[in-house]
Amino acid sequence: MDKILNYINGEMLPPKKDQWLDNYNPSKGEVYSLIPDSDETDIEEALTHAELAFETWRLTSLEERFKVLNRIAELIDANNDMLAVAESMDQGKPVWLAKNEMIRSAQNFRFFATAAMQFASESHNMEGHAINYTLRQPIGVVGCISPWNLPLYLFTWKIAPALAAGNCVIAKPSEITPMTAFLLSEICREAGLPKGVLNIVHGLGPKVGNAMVSHPRIKAISFTGGTSTGKHIAAIAAPMFKKLSLELGGKNPNIIFADCDFDKALKTTVQSSFMNQGEICLCGSRILIERSIYNKFRDALIKEVAQMKVGDPLDKETKVGAIVSKMHFEKVLSYIELAKQEGGNILLGGTSLQMQGAHGAGWYIAPTIIENLAYDCRTNTEEIFGPVVTIIPFDTDAEALTIANCTEYGLASSIWTNNLTRAHKVAAGIQSGIVWINCWLLRDLRTPFGGVKQSGVGREGGWEAMKFFTEAKNVCIKL
Ligand code: NDP
């Protein structure tokens, strides 16, 4: 059985205690590799080397940092096919989607390599009395913890700005999807990233992740994952006054007004509902439809979604792949049962799917559309994070906002309308960190990314990320 290894001080190492975890291919429901079950001793070793490496990396010229991060981007691009197949097998996502995510992973490095060269800080002149300038210095050794849904895409989204800002990093991918993080280690070695600057330690969240969060010498944690894990991390980190960025769950509304471009709204809604099996934090899982077009939109949506091919992620025709793990598969199915108990009417799907042949033991769920639920029931307010959407009619803009804002989450939202005034008013009234108008998942990496309410604290992207990964120090000079 292939073994994934930790990447510590530039070397590929087994876990110190030689304990291993099973790594599953969800499309087949079978173990296909082993991953290190690392613990605090592996973190301690990574930290020792990272602290040493920091003494050099923080003083490395911006030009040098740019060059090596850019080389990593080039190597990710050069290995796009290999990485995409690995991601698809490890996560269950269609391979065409994984290819796009590998492009974005390279972009993350390229974008922040450039940011390192452009990052500047402020100066404040006190009219002949004094002058202030702000130093933005790297924090030290920081921790990056990422989830299983967009494995390499989100992993690199954290690592790249942390390194670009001059920090050394200990990073932990999700234990459920470790493969492309492992392959990234090899790429970093080939790119010539100095030893100890990036360390990737694999293992369980509550064990090795917890060791990172609770270690007093890991100065900041950038975390993306579930809201309950985020709360746990915040409780441990707060007494140490550790810098924290928390990107958490969502229950995003997708609001369809009668005056929208129907075909565009429909086409994009199919994607925003079921792309990556609905396992994207930005997916629109609650579709709010103005009552005058409710029946027409509902019927058209059912017709489109019924044609989506579910199955082998490596088949180029597949639109919806496998659910990432057995545990998550069971969680999603339990929410479909809950929806039935809450009075939901299953319009499409609602069941698991059994594939033939080699994929017979894989975890598949039919794209599911549910109506007739109260807007504030559990199915409509808790994150399901699978190929399940609910549809909800509304009559007025105010009612749409009430429904949209009724959950504890506030990550993203989409608004479909051709009325400019309405679009701006609803965008301003909606409680989410990101609003898309007549589009979805259109990303400019310079924009602030993050959620409000229980969807997180802090922002990623652009200068926000560079600021998070640096400490501002004001220097005041009396004239
Ligand atoms: P989890 O919170 O379960 O895990 C996220 C990461 O944290 C994993 O690497 C996990 O390791 C680790 N972890 C778990 N427990 C601890 C702990 N006690 N201390 C430190 N680390 C820990 O989330 P999922 O992986 O299930 O990801 C899905 C969630 O992520 C959804 O809620 C989704 O909305 C959210 N998400 C948010 C995004 C955003 O930008 N706001 C983007 C993408 C996803 P392990 O896997 O080994 O348990």
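Which residue stands opposite Ile369 in β18? The answer is Leu348, and point 2 puts that pair in its setting.

1. A word on the basis first. This is a predicted model, in which local features need pLDDT of at least 70 and side-chain atom pairs count only at pLDDT 80 or more, while totals for chains, interfaces and linings use all residues. Residues are numbered from 1 along each chain as its sequence is written, and side-chain values use heavy atoms, with hydrogens and water left out.

2. Let me start with strand β18 and its partners. Helices (H or I, at least four residues) and strands (E, at least two) are DSSP runs, numbered from the N terminus, and two strands pair if DSSP finds at least two bridges between them. β18 pairs with β15 (residues 345–348) in the antiparallel sense over 3 bridges, and with β19 (residues 388–394) in the parallel sense, also over 3 bridges. Ile369 has a bridge partner in β19 too, namely Val389.

3. The side chains of β18 are worth a look. Thr368 and Ile370 point one way, Ile369 and Glu371 point the other way, and all are buried (under 20% relative accessible area, with exposed meaning over 50% and partly exposed in between, for a 1.4 Å probe and protein chains only). In a regular strand the side chains alternate between the two faces of the sheet.

4. Asn372, in the loop between β18 (368–371) and α12 (378–381), has a positive phi near 75°. Asn9, in the loop between β2 (6–8) and β3 (11–13), has a positive phi of about 50°. Most residues other than glycine have a negative phi. Asn372 is exposed at 55% relative accessibility, whereas Asn9 is partly exposed at 21%.

5. Next, a helix pair. The axes of α7 (residues 205–214) and α8 (residues 227–237) come within 9 Å and cross at roughly 35°; axes here are lines fitted to C-alpha atoms, for helices over the stretch in contact, and angles run from 0 to 180 degrees between N-to-C directions. Asn210, Val213 and Ser214 of α7 meet His232, Ile233, Ile236 and Ala237 of α8, where contact means heavy atoms within 4.5 Å. The residues of this contact divide into 4 nonpolar, 3 polar and no charged.

6. Staying with α7, its buried residues are Val208, Gly209, Ala211, Met212 and Val213. These pack against α1 (40–57), β8 (141–145), β9 (168–172), β11 (220–224) and α8.

7. How many disulfides does the model have? The count comes to 0, a disulfide being a pair of cysteine sulfur atoms within 2.5 Å. Cys260 is in no disulfide either, with the nearest cysteine sulfur, that of Cys439, 13 Å away. Both residues are buried: Cys168 has a relative accessible area of 0%, and Cys260 is at 11%.

8. Finally, the overall division. The chain is divided into domain 1 (2–248 + 455–478) and domain 2 (253–444), with bounds from an automatic or database domain assignment. Their centres, taken over C-alpha atoms, are separated by 30 Å. The contact between the domains takes 27 residues from domain 1 and 30 residues from domain 2.

Methods: Ala, Val, Leu, Ile, Met, Phe, Trp, Tyr, Cys and Pro count as nonpolar, Asp, Glu, Lys and Arg as charged, and the others, Gly among them, as polar.
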